[in-house]
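Here are my notes on the model, written as numbered points.

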Amino acid sequence: MRGVPRIPSPRAAADDLRPDAYRPAPPVSPEPAPGGEPADAMDGPCPAAGSGTTDSAAGSGSDGAVDDSGNRSVNGAATAGDPAAGDTPAAPETPAPAAPSHGVLKSLLGAWALSACSAEETAAVEEHLGDCAPCAEEALRLRDAVGLLHTDRDLDLDPLLRFRVLENCLGRRPARIPVPAWADPYDAETARLDALLRDIGDSEWHAPVRLKWFEGERRMSRRTTVAGVIGHLLTVDGIVAGAIGLDDPLGPHAPLLPTARTEAFWDDRELPPTGTIREPWRDQSHDLIRTVSFAGPAAAEMSVSYGSFALPLRDALLDRAFECWIHADDIADAVDYPYAPPSGAHLNRMIDLAARLLPAALAERRRAGLAAPPQHLVAAGAPGRSLHLEVEGSGGGSWYIALDSPAAVGSPDKSVAQVALDGVEFCKLVAGHVSPEEAAAGQDGDRQAIRDVLFAAAALSRL
């Protein structure tokens, strides 16, 4: 009978672990009966092969007969291998997806370089790169370009990068009025500090900053804010601005002493300075650079008075570059920002200025009774007793400091002591950020001379 539901035959328990053991056999075309009709088209039940008569099959008391191939018939209807039983032929296997074309894979290279592909696309692209040299070269170029898109870099760059770019630009198109070489440190340090200020948030302008310096035998400090530090730089830079004919930010009757100018600026404001102080400070630094560039070589020796002492303009701008770096480092510490020292060439010039000022600072401390008296006075310009100052690291070098008279000349032949320090450490000592007892990395020779020079270096610092 047709249309009867097929009841699967029992299977052994082991078949549960072998799915192929109970899959139906593939359909078999029925053999035509004599006379040209298919066997399943004949009337009446079809006897199973190898059995007796249909009566014996029916009288056996079973639900159906099993043929030689193991197929069972129920009430004369085939259960396997017979299309009439209603079995659906097995579906053909799905062909594997074709690999993406070269054009498709090439279009995915940009997404692959940005790590924006799916796992399947990534695997396909990387397999393709092993076989296609042009795509591999393009992928490397794109991956290198992606590295330039990262924005998590700011001031922690090579200090010489700016100068290499400018040198390349000026090599192609020289400046009609170049910045003099002696003004380069000030130009560089003000630009670096301006980049730091551009990156900080509005609230960080009020972050507390503690300014440090050295007076006599004691370390001093003063608490202010980031904006207050920029106001301090603005007012002291105003000394140089006034000396070359620019407007003084404190007016024509402002004091000359740097500390008095800073106190006057802080006391003159009802509210603490904010981020608005950045623009006048930066405009003044631009005006300074522009003015000295147009002034010509003779301007380098112009005298700039600080009230208690004076410096030529070339040294005054170098002093301002040094203080700009020191206070930029103070600001960076206050806002947790990375900040590198100046370039080696600029750092060397800053150290050289401090070394040239040390004999006068030592003489000033001697007049105040804070240093040992001179031992061997010599004529001005003659070699005298000296200390060998050896500064290591970037910007380092060797200097011989005259010990007995500021007019004497330091000489290796007259050296009685030697001090070795790191370059940045020496600058921190000169800025009053490191005590003399903590600064020296190595000492040899006259201990009193060493102490006098280290304390004289700290005495160069000021608010």
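1. Helices (H or I, at least four residues) and strands (E, at least two) are DSSP runs, numbered from the N terminus. With that in hand, look at the hairpin of strand 4 and strand 5: two residues sit between the strands, and Gly 216 has a positive phi near 60 degrees. Strand 4 (residues 208-215) and strand 5 (residues 218-225) pair in the antiparallel sense, over eight bridges. To find your way along the pair, note that Lys 212 stands opposite Ser 221, and that Leu 211 has Arg 222 as its bridge partner.

2. What are you looking at, and how far can you trust it? This is a predicted model, where local features need pLDDT of at least 70 and side-chain atom pairs count only at pLDDT 80 or more, while totals for chains, interfaces and linings use all residues. Residues are numbered from 1 along each chain as its sequence is written, and side-chain values use heavy atoms, with hydrogens and water left out. The pLDDT is the predictor's confidence in each residue, from 0 to 100.

3. Now the scores themselves. The protein averages a pLDDT of 81, and 76% of the residues score at least 70. Confidence is lowest in helix 1 (residues 54-58), with a mean of 41, and highest in helix 11, at 97. Residues 6-22 have a pLDDT below 50, and this stretch has six contacts in the model beyond near neighbours in sequence (contact means heavy atoms within 4.5 Å). Residues 36-86 also stay under 50, with 48 contacts beyond four places in sequence. Where pLDDT is low, the predicted coordinates should not be read in detail.

4. Next, helix 7 and helix 11. Axes are lines fitted to C-alpha atoms, for helices over the stretch in contact, and angles run from 0 to 180 degrees between N-to-C directions. The axes of helix 7 (residues 184-199) and helix 11 (residues 313-334) come within 8 Å and cross at roughly 20 degrees. That is why the two helices count as roughly parallel (angles under 35 degrees are roughly parallel, over 145 roughly antiparallel, 65 to 115 roughly perpendicular and the rest oblique). On the helix 7 side, the residues that meet helix 11 include Pro 185, Leu 193 and Leu 196, and their counterparts in helix 11 include Leu 317, Trp 325 and Ile 331. This contact divides into 13 nonpolar residues, one polar and three charged. For these classes, Ala, Val, Leu, Ile, Met, Phe, Trp, Tyr, Cys and Pro count as nonpolar, Asp, Glu, Lys and Arg as charged, and the others, Gly among them, as polar.

5. Helix 7 also packs against helix 10 (residues 278-295), at an angle of about 160 degrees and with the axes 11 Å apart. Helix 7 is therefore roughly antiparallel to helix 10. Among the residues in contact are Tyr 186, Asp 187 and Arg 198 of helix 7, with Arg 278, Trp 281 and Leu 288 of helix 10. The count here is seven nonpolar, two polar and five charged.

6. Which strands stand at the edges of the open sheet? The sheet has four strands in the order 9-8-10-11, with mixed pairing. Strand 9 (397-402) and strand 11 (442-445) are at the edges, each with a single partner strand, so one side of each has no neighbour in the sheet. From one strand to the next, the twist averages 30 degrees. Strand 8 (residues 383-392) and strand 10 (residues 409-422) pair in the parallel sense over nine bridges, and Leu 387 stands opposite Ala 417.

7. Finally, see what lies on those strands. Helix 13 (residues 423-430) lies across strand 8 and strand 10, at about 100 degrees to strand 10. Helix 15 (residues 447-459) lies across strand 8, strand 10 and strand 11, at about 135 degrees to strand 11. Helix 13 and helix 15 pack at about 70 degrees, with their axes 6 Å apart, and are therefore roughly perpendicular. Phe 426, Leu 429 and Val 430 of helix 13 meet Leu 454, Ala 457 and Ala 458 of helix 15. That contact has six nonpolar residues, no polar and no charged.

Definitions and conventions. Two strands pair if DSSP finds at least two bridges between them.
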